[in-house]
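Please keep the structure in view while reading.

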Amino acid sequence: MKILVCISNVPDTTSKINFTNGDTEFDTNGVQFVINPNDEFGLTRAVWFKEQQSATVTVINVGLADSEATLRKALAIGADDAIRINANPTDGMFVANQLAEVAKQGNYDLIIAGKESLDYNGGMVPGMLAAFLGYNFVNSCIELTVDGPNAKAMREIDGGKETLSATLPLVVGGQKGLVEEKDLRIPNMRGIMQARTKVITVVEPTNSETATKSVKFEKPAAKSAVKLVNADNLDELVNLLHNEAKVI
């Protein structure tokens, strides 16, 4: 089984976010980038298939040269090789188009992507990728098994869970539950050393137009100062909840 795992290079949630050029561009200075958490769950599941079912695992990313450190980490976790599409991931449709062009050439049985990336939370890429390829698609996937050409998946739905059967080739939009957080792999020294010799193939993007562009970024409004109310002053507490917080 050939598995392709889509990797997004996203800011660590502890990073301080700023914008430049009149709030039209994201400022990357001082920002630590990591594997998108939803993608990391998918990568870990793919490595499990490699260990248990002799699958091969390729990771792929649409990004510039600065995303190669993230790909090296994915290789250290257990991927066999990596592909970097040399383009700025400007919007979901552009990314999905670029991924589809490479996937068509690889004849992959299973493609695992995070259901959404941590930075823009668009949630578009897995579904559009499946549509471009004509593959079956399961989103919000929290459990996946493969037996020959057949797959069984569980996904989250409103108010519960749904179990589905599908045939390969298949695109999965994964999330937490595909593996548990305790099962995520931390690269060891051996994996890190092996990752240095594994191949990252760089391919140039196809001429695919972008459908959207970022006009302006804006930070959430700062929270107002906290007001402390004496525990004995219930009248003031009720007044603040009613007239200022407007929750009662």
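Which elements each supply at least two residues of the lining of the largest pocket? In this predicted model, they are strand S2 (9–11), strand S4 (25–27), strand S6 (56–63), H3, strand S8 (110–114) and H4. Of these, S6 gives the most, with four residues. The lining comprises 50 residues, and those nearest the centre of the pocket are Asn9, Pro89, Thr90, Asp119 and Tyr120.

The second largest pocket is lined by 13 residues, of which Ala76, Ile77, Asn188, Gly191 and Gln194 lie nearest its centre. Two or more residues of this lining come from each of helix H2 (68–77) and helix H5 (189–195).

| Pocket | Volume | Lining residues by class |
|---|---|---|
| Largest pocket | about 1,400 Å³ | 21 nonpolar, 20 polar, nine charged |
| Second largest pocket | about 170 Å³ | five nonpolar, four polar, four charged |

Helices H3 and H4, which each contribute to the lining of the largest pocket, also pack against each other. The axes of H3 (residues 92–106) and H4 (residues 125–133) come within 9 Å and cross at roughly 45 degrees. The two helices are therefore oblique to each other, and H3 passes H4 in a right-handed crossing. On H3, the residues in contact are Gly92, Met93, Val95, Ala96, Asn97, Leu99, Ala100, Ala103 and Lys104; on H4, they are Val125, Met128, Leu129, Phe132 and Leu133. By class, this contact has eleven nonpolar, two polar and one charged residues.

Key. Residues numbered from 1 in each chain as written. Predicted model: local features only at pLDDT ≥ 70, side-chain atom pairs only at ≥ 80, totals over all residues. Heavy atoms only, no water. Axes fitted to C-alpha atoms, helices over the stretch in contact; angles between N-to-C directions. Parallel < 35°, antiparallel > 145°, perpendicular 65-115°, else oblique. Left-handed = near helix turned anticlockwise from the far one by under 90°. Contact = heavy atoms within 4.5 Å. Nonpolar A, V, L, I, M, F, W, Y, C, P; charged D, E, K, R; others polar. 1 Å grid on protein atoms, 1.4 Å probe; cavity = no way out; pocket = protein on both sides within 12 Å on 5 of 7 lines; lining within 4 Å. Points joined across faces, edges and corners; volume = space filled by probe spheres on them.
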